[in-house]
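Thanks for coming. I'll take this one from the whole chain down to single residues. Have the model open as we go.

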Amino acid sequence: MSIQNTTADQQGQPEVLLDLKNISLSFGGVKAITDISFDIYEGEVRAIIGPNGAGKSSMLNVINGFYHPQEGEIWFDGKQRTGMKPYEIAYQGIARTFQNIALFKGMSVLDNLMTGRFTHMNKNLFWQALWKGPAEQEEIINREFVEHIIDFLEIQAIRKTPVGRLPYGLQKRVELGRALAAQPKLLLLDEPMAGMNVEEKEDMCRFILDVNDTFGTTIALIEHDMGVVMDISDRVVVLDYGRKIGDGDPTAVRNDQTVIDAYLGVSH
Amino acid sequence: MSADFLYTLEVILNGLMAGVMYSLVALGFVLIFKASGIFNYAQGVMALFAAMTLVGIQTGQIPFAHLINAIFGTEMHHFGWQVPAFLAIILTVGVMVLFAMIVEKYILHHLVNQEPIILFMATIGLAYFMEGFGDIMWGSEIKTMDVGIPSGGSLWLEEYTLGWAAEGERYWGMYIDKLDMVATLVAVILVVSLTLFSQYTKTGRALRAVADDHQAALSVGISLRAIWVIVWSIAGFVALVAGIMWGAKSGVQFSLSLIALKALPVLMLGGFTSIPGAIIGGLIIGVGEKLFEFAIGPMIGGATENWFAYVLALMFLVFRPQGLFGEKIIERV
């Protein structure tokens, strides 16, 4: 089975998968995001960084449809988005993980990943209730795909374990697996390495790069560990107090004076 | 076997079957509570409403007949036809699904992310609304439910067990109501199919996913609104089954809605979030109250069945507040 997504246009101008134009988001009187624009190319790893409270997670929630910005345009895969619900956006091919793991704790690893296949299963209630026939066929096909993901993430041994019982690092990996099971065009990772030890971080880095290489999945990630960000991302966008203060490849961003000031503080 | 032993066995068997009837009601509560964290006070009234609708459709009653007659001065009550039980049940299921959609659209949808107590209040309002609505729609007189379930004691069992007692003892065979047997069978089928459905289908997994984490469920493409309609439809279906069984046993009337009160101790015992808990809890309460009435009742003047279940549930609350199968409440500091 081919699980290759459409790959980026290798030569010439890269294709834009997601384009955010002048996004502003506020809660009551509090401005979370002010006039931010950036784009994500097909097939790249795009990092969103910034100090605490910079609006990174809000940005992800906007992309994912949890928040609806008051101003600005969102273009995904060549189409403009208009007031879509989060579950409809999942159908468009955007999957995500959460900062505080949001797995289905009572369910096994396998069931969590199968739930990730939700958008790819479309037999209606009638067939499901009947079980034999089309619905069973569909289960088998999707189960096969989920087994690929399990192999890929090296979690064969825990496939039947309820995820609530797994250690933190493995839960993070299962959550990545659930997002991958959806075969997303765009994968959003909200601090995939937060709270991990060095070894777990290295594993996660490897998986993220592998996902990008082998499946060609476009990835947008929020991360605090600068070393990791510089290593794995193609381009970085820097936010501070809800505004964009830097955008470009890792080396350029690292040497940008505004970015350095935002992170280290400036003496007045 | 001694007659005493056989009497006790009979009491236990009858207790188990009464327990199944309690479980049927408790099941509806658990389904909705698990999926949406709402304690649905209206579950009992839903059972009454479903039973009234079934009888109404079956006997060809004209809905809102009293209202229509009062407004237009007409004198009509029946269409003049009888609908076969099977077809009437299917139509009633349709009505309950429609009801689920209306509840989602006009109540739940507007109360997303509200405190549980507010949702609870909403279901209280819903219960009283449905009670009145059911009366206006189908009339408030007591109706008999006849969908062809056999009732009365099983003569075959009585004769069969007659020979079990030792020679010369006063024993007339075991009395078990056929209706109870059917109810048990139906409940077992219902629970097994619900469990299989929630374990092995896409929608079943989605139901469990929503019970665990709303945000994550949305992010994988599950529509909460669709799931709520499905959950309330299933709860409506369970209410219909409970309504049929209880209605066939004791008539379709207002007191049918009070069976919800019998489900409360079952839920305390079994836990609000566990389907097996609802079943085991029901069985324990059923057997417990029948045995207590049989063994201790005569000494203290009888009528213990009214309160025994609550006392048992209170004792459980002291030692295991989350119920037998409920999720453990662990607070990390």
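Domain bounds here come from an automatic or database domain assignment. On that basis chain A splits into domain 1 (1-7 + 14-93 + 184-268) and domain 2 (106-182).

Some ground rules. The model is predicted: local features need pLDDT of at least 70, side-chain atom pairs count only at pLDDT 80 or more, and totals for chains, interfaces and linings use all residues. Residues are numbered from 1 along each chain as its sequence is written, while chains are lettered from A and ligands numbered from 1 in the order in which they are written.

Chain A overall. It has ten helices and ten strands. Those are DSSP runs, numbered from the N terminus: helices are H or I with at least four residues, strands are E with at least two. The radius of gyration of chain A is 19 Å, close to the 18 Å from the globule rule for 268 residues, so the chain is as compact as a globular protein of that length. That radius is taken over C-alpha atoms, and the rule is 2.2 Å times the number of residues to the power 0.38. Along its principal axes, the C-alpha trace of chain A spans about 70 × 45 × 40 Å.

Burial next. A residue is buried with 20 or more other C-beta atoms within 10 Å of its own, exposed with 12 or fewer, and partly exposed in between; C-beta atoms are placed from the backbone. In chain A, 39% of the 268 residues count as buried. Take A:E147, in helix α5 (residues 134-152) of chain A. Is A:E147 buried or partly exposed? Partly exposed, because 14 other C-beta atoms lie within 10 Å.

Now the strands. Two strands pair if DSSP finds at least two bridges between them. Strand β1 (residues 16-27) of chain A runs antiparallel to strand β2 (residues 30-41) of chain A, with eight bridges. A:L18 sits opposite A:I40 in β2(A). The two strands form a hairpin with two residues between them, and A:G28 in the turn has a positive phi of about 60°. β1(A) also pairs antiparallel with strand β4 (residues 71-76) of chain A, over five bridges. There, A:S24 faces A:E71.

Back to the domains. Their centres, over C-alpha atoms, are 26 Å apart in chain A. Contact means C-beta atoms, placed from the backbone, within 7 Å. In chain A, 13 residues of domain 1 contact twelve residues of domain 2. On the domain 1 side, α2 (86-92) and α7 (198-215) of chain A each supply at least two residues. The largest share, four residues, is from α7(A). By class, that side has eleven nonpolar, one polar and one charged residues. Ala, Val, Leu, Ile, Met, Phe, Trp, Tyr, Cys and Pro count as nonpolar, Asp, Glu, Lys and Arg as charged, and the others, Gly among them, as polar.

Between chains, the contact takes 27 residues from chain A and 18 from chain B. Which element gives the largest share of the chain B side? α8(B), with seven residues.

Last, the core. A nonpolar core is a set of buried Ala, Val, Leu, Ile, Met, Phe, Trp, Tyr and Cys residues joined through C-beta atoms within 7 Å. The largest one has 159 residues, and B:A47, B:A51, B:I222 and B:V231 touch the most other members. Helix α10 (residues 224-250) of chain B gives the largest share, 18 residues. Both domains of chain A contribute residues, so this core lies between them. Beyond its neighbours within four places in sequence, B:I222 has contacts including A:Y87, A:F118 and B:A206.

Terms used. Two residues are in contact if their C-beta atoms, placed from the backbone, lie within 7 Å.
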